[in-house]
Amino acid sequence: MTSAAASAIPVTVLTGYLGAGKTTLLNRILSEDHGKKYAVIVNEFGEVGIDNDLVVDTDEEIFEMNNGCICCTVRGDLIRILEGLMKRKGKFDAVIIETTGLADPAPVAQTFFMDDEVRAKTRLDAIVTVVDAKNLMARIEDSPEAEDQVAFADVILLNKVDLVSAEELARVKAEILAINPQARIVETERCAVDLSEVLDRGAFDLDRILLVEPEFLVADHHSHDETVKSISLEAGDMEPEPFFEWVNRATQEQGPNIRRMKGIIAFKGDPERYVVQGVHMIVEGNHQRDWKPDEERRTRLVFIGRDLDFAALKAGFEACKAA
Amino acid sequence: MPTIDPRSFDAYVVASGFLGEAPVFALGDGHVRLVVGETDPTVEAHDGGILAARVAADGRSLLTAGDDGRVVRTTADGTTETLFERRGKWLDQLAEGPQGAIATASGRMAWVRLADGTVVEFPHEKAVGGVAFLPKGLRLATATTDKAMLHWVTAKGAPVDLPWKGAHTGITASPDGRFLVTTMQEPALHGWRIDDMKHMRMTGYPTKVKSISWSAKGRFLATSGANAAILWPYLSKDGPMGKAPLELGPRDRIVTSVACHPSEDVVAIGYDDGMIMAVRFGDAAEVLLRKPEGSPVSALAWDAAGVRIAFGGEGGEAGVIDIRR
């Protein structure tokens, strides 16, 4: 990681449909004595019961970037607020952005890739989606936004687990994993979670993509015919040039359908791990750290999306393997 | 050789300037710092952060807008006066018109407060990215998504749209009132000749343009955002169309702040490595004013006589440069 990335302010994006428990979590973050100060950007001022000069009220302001990319939408209001917050750097440790219940997480996430200044001064730490065990299945059936929020998440706070039976809980978890097997699921009642499980996760969560076994995806036990699925691609060393060429082409072709993409890449002859992540058509990559001596050099790349052409992605990926 | 009287504040310098002879700095932590003799009094102008600031046209007070929802006037003796207040709103835009009018904005609303305290509201469909008065003060220009707008401040009459696709993040009117120019989310400026709405595209920047300054008599518009200060010529009736801009003080760093001299064809240029230079338009002659040091220059302003520069950086480094010594 570069020094700029190290000093960048971590940002947590909090999503979840209405009633899932987002506001409960937010009020806990603001009221608990955890020794950290958060600047919080909210959509509905009234709901947060804490008087705090670092709670900012905003109207979602989504616009398309003038770059010919149809899915490159960003949140203009966030750019402005984050620029303003940077003038108060030192007064807070991290930023939390609450989105509305019906929000598409993509413009929020893309803001952290598309605006140079935001990208230089902040770091998207994790997208945390609050869902409730009781109602998630129904929400996924009737709202594509709820499904997208699960698809985008790095961390899923599975709330209200006390309101369902063990069987129901198992079904809900299977459903979440069918959409997004890389998400870390944290079960809670009334959002009573150790906040360190949710906030300032950093690269920690990225390593999860190496842990989740791709075989899991083959299992077909879904309760409904969901359209958001993930594909996990695995190999040893990769050839850099064909890989970048393929990733750029694949994300251009399938970008509108891709929700998240993330991976850890072992490039032939490269002593460092390369990490990539993307939203729709936007992809960003960086060297992360050296491969450890006792670490197996493995490449793992995950796509989560709607109606993805899995066969094409797999064939393209396979063609980039180092000989 | 110019001298520097350095200061170090513990907050981002949002704007700098002079109140009469006294250098003044508006800081991100809500404080206003005056440099008076041996002491630098601190004025707690805002309960929160300052998001926008400018010295009033008469040079006697500093106007600041903050995330505490207030626009405050601070004078050289350290007294403050709240000119406008909307609790809970982040006021991040600020403009001053003639006859003591001020404009500010938050989210989708822009306001003008007239000298007598009357407030006029200007609702927008999308967020207001910038506010500016036309020179006579009768019209307010605003930047918003996909267009700029011209509103009548007090007269009846529908606002005029100046469409151009994209998010407009700031706006300025040329001193002669013939042109409007916006900064954009994309690394570009867009302009309109108000008479016939003719478009002017000013592109080619590697980063967003965040600092702009009109030169004396509005002959050039100096801008940040590139590896040199880019100055667009507004001498002719067509503005910069079809003409190459001046590129002054080229370096392998990004220009973060520009301030044109009040009377001469000279621009002060601040870079992202803290360096400051003054460059003459005609022959591009350069004078080093501050060596590379500290954080990106975020504030830069000449005094009325054009002999001193108050500057500040994102990390709180600041000072007063005197070019006479």
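Reader: How many residues does the contact take from chain B and from chain A?
Author: In this predicted model, the contact takes 31 residues from chain B and 24 residues from chain A, with contact meaning heavy atoms within 4.5 Å.

Reader: And how much area do they bury between them?
Author: About 2200 Å², with 45% of it on carbon and sulfur atoms. Buried area here is the accessible area (1.4 Å probe) that two parts lose on being put together, summed over both.

Reader: Which residues in chain B lose the most area to chain A?
Author: Trp90(B), Arg108(B) and Gln185(B), which together make up 25% of what that side buries.

Reader: How many salt bridges does the rule find across the interface?
Author: Eight between chain B and chain A, where a salt bridge is a side-chain nitrogen of Lys or Arg within 4 Å of a carboxyl oxygen of Asp or Glu. One of them joins Asp92(B) to Arg80(A), with the closest N and O atoms 2.7 Å apart.

Reader: How many residue pairs are in polar contact there?
Author: There are 12 between chain B and chain A, both residues being at pLDDT 80 or more. A polar contact is a pair of N or O atoms within 3.5 Å; within protein, one must be able to donate a hydrogen and the other to accept it, and residues adjacent in sequence count only if both atoms are side-chain atoms.

Reader: Which strands of chain B supply at least two residues of that side?
Author: Strand E6 (50-55) and strand E16 (160-173) of chain B each do. The largest share, three residues, comes from E16(B). Strands (E, at least two residues) and helices (H or I, at least four) are DSSP runs, numbered from the N terminus.

Reader: How do the residues on that side divide into nonpolar, polar and charged?
Author: 10 nonpolar, 10 polar and 11 charged. Ala, Val, Leu, Ile, Met, Phe, Trp, Tyr, Cys and Pro count as nonpolar, Asp, Glu, Lys and Arg as charged, and the others, Gly among them, as polar.

Reader: Switching to chain A: what order does the open sheet of five strands have?
Author: E10-E14-E11-E12-E13, with antiparallel pairing; two strands pair if DSSP finds at least two bridges between them. The edges are strand E10 (228-235) and strand E13 (282-290) of chain A, each pairing on one side only. The twist averages 10° from one strand to the next.

Reader: What is the bridge partner of Leu233(A) in E14(A)?
Author: Leu301(A). E10(A) and E14(A) (residues 299-306) are antiparallel over eight bridges.

Reader: Which helix packs on the sheet touching E10, E11, E12 and E14 of chain A?
Author: Helix H7 (residues 144-152) of chain A, whose direction makes about 10° with that of E11(A). Axes are lines fitted to C-alpha atoms, for helices over the stretch in contact, and angles run from 0 to 180 degrees between N-to-C directions.

Reader: What about the hairpin of E12(A) and E13(A): which residue takes a positive phi?
Author: His280(A), near 50°, in a hairpin with two residues between the strands. E12(A) and E13(A) pair over eight bridges in the antiparallel sense, and Gln277(A) has Glu284(A) as its bridge partner in E13(A).

Reader: How many salt bridges over all chains?
Author: The structure holds 51. Among them, Arg123(A) and Asp200(A) meet at 3.5 Å, N to O. Arg123(A) lies in strand E7 of chain A and Asp200(A) in the loop between strand E9 and helix H9 of chain A, so the pair ties together parts 77 residues apart in sequence.

Reader: What conventions sit behind the numbering and the values?
Author: Residues are numbered from 1 along each chain as its sequence is written, and chains are lettered from A and ligands numbered from 1 in the order in which they are written. Local features need pLDDT of at least 70, side-chain atom pairs count only at pLDDT 80 or more, and totals for chains, interfaces and linings use all residues, while side-chain values use heavy atoms, leaving out hydrogens and water.
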